[in-house]
Amino acid sequence: MSEPNSLEAVMAQLAEAAKADAESHLSSRQRRARTVARLAAVQALYQMELAGEGVETVIAEFGRHRFDGDIDGLTLAEADEAWFADLLRGVVGGQAAIDAAIRTRLAEGWRLERLDSTLRALLRAGTWELRERPEAPREVVINEYVELAKAFFDEAEAKFVNAALDGVARDARD
């Protein structure tokens, strides 16, 4: 079993992958802003689930306090705050359909509730993007959430995120 990667290592890997990604219409700064927004969204979804806070409360909190800080040297001020807010509102507003899409990709006998809260947040955010943001290329979305999974989990969970989001993408975009 491998150890999770540091956020710094994950961000470096994503920056390298971004040089050749399909979101080429975005500048490197804009791509990084989306990556940081995705990370912040996963953290916000996790926080909302554990603390029971509402989406607008969390968006406001991140705007007032979190985007001025950093995590393991990663400056959250770089985040695309509009993408972050749209992602959170979209996941919360469409959670029933998002969860249903994820459930179809779980092994028989597995329930979404059995998954770790961070894993659920990763899958919900990625599923929302794959279903609702066709301008975000499937490969980019899947790769970003797989790499973010590597910051929190070992290789097995990252592979699970990859397989689940790939299946969701086929369901949503094919």
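**Helix packing and burial**

Q: What does Ala 172 count as, by relative accessibility?
A: Ala 172 counts as partly exposed, because its relative accessibility is 37%. Buried means under 20% relative accessible area, exposed means over 50%, and partly exposed lies in between, with a 1.4 Å probe and protein chains only.

Q: What kind of model is this, and what goes into the values?
A: This is a predicted model, in which local features need pLDDT of at least 70 and side-chain atom pairs count only at pLDDT 80 or more, while totals for chains, interfaces and linings use all residues. Residues are numbered from 1 along each chain as its sequence is written, and side-chain values use heavy atoms, with hydrogens and water left out.

Q: Back to Ala 172: which helix is it in, and what does it touch?
A: Ala 172 belongs to helix α8. Helices (H or I, at least four residues) and strands (E, at least two) are DSSP runs, numbered from the N terminus. Not counting residues up to four places away in sequence, Ala 172 touches Leu 130 and Arg 131, where contact means heavy atoms within 4.5 Å.

Q: Which residues of α8 are buried, and what do they pack against?
A: In α8, the buried residues are Ala 158, Val 161, Ala 164, Leu 165, Gly 167, Val 168 and Ala 169. The buried residues of α8 pack against α5, α6 and α7.

Q: New topic: how do α4 and α6 cross?
A: The axes of α4 (residues 81-93) and α6 (residues 117-132) come within 9 Å and cross at roughly 100°. That makes α4 roughly perpendicular to α6. Axes are lines fitted to C-alpha atoms, for helices over the stretch in contact, and angles run from 0 to 180 degrees between N-to-C directions. Angles under 35 degrees count as roughly parallel, over 145 as roughly antiparallel, 65 to 115 as roughly perpendicular and the rest as oblique.

Q: Which residues meet there?
A: From α4, Trp 83, Asp 86, Leu 87, Gly 90 and Val 91 meet Arg 124, Ala 125, Trp 128 and Glu 129 of α6. The residues of this contact divide into 5 nonpolar, 1 polar and 3 charged. Here Ala, Val, Leu, Ile, Met, Phe, Trp, Tyr, Cys and Pro count as nonpolar, Asp, Glu, Lys and Arg as charged, and the others, Gly among them, as polar.

Q: What else does Leu 87 touch?
A: Apart from residues up to four places away in sequence, Leu 87 touches Arg 38, Ala 41, Ala 125, Trp 128, Glu 129 and Tyr 145.

Q: Which residues touch the most other members of the largest nonpolar core?
A: Of its 48 residues, these are Phe 84, Leu 87, Leu 88, Leu 122, Tyr 145 and Val 161. The largest share of this core, 9 residues, comes from α2. A nonpolar core is a set of buried Ala, Val, Leu, Ile, Met, Phe, Trp, Tyr and Cys residues joined through side-chain atoms within 4.5 Å.

Q: How far does α2 span?
A: The end C-alpha atoms of α2 (residues 28-51) are 34 Å apart, which agrees with the 34 Å that its 24 residues should span at 1.5 Å a residue. The expected span is 1.5 Å times one less than the number of residues. Gly 52 follows α2 and has a positive phi, near 70°.

Q: Finally, which residues is Glu 49 in contact with?
A: Glu 49 lies in α2 and, leaving aside neighbours within four places in sequence, is in contact with Ser 117, Arg 120 and Arg 124. With a relative accessible area of 32%, Glu 49 is partly exposed.
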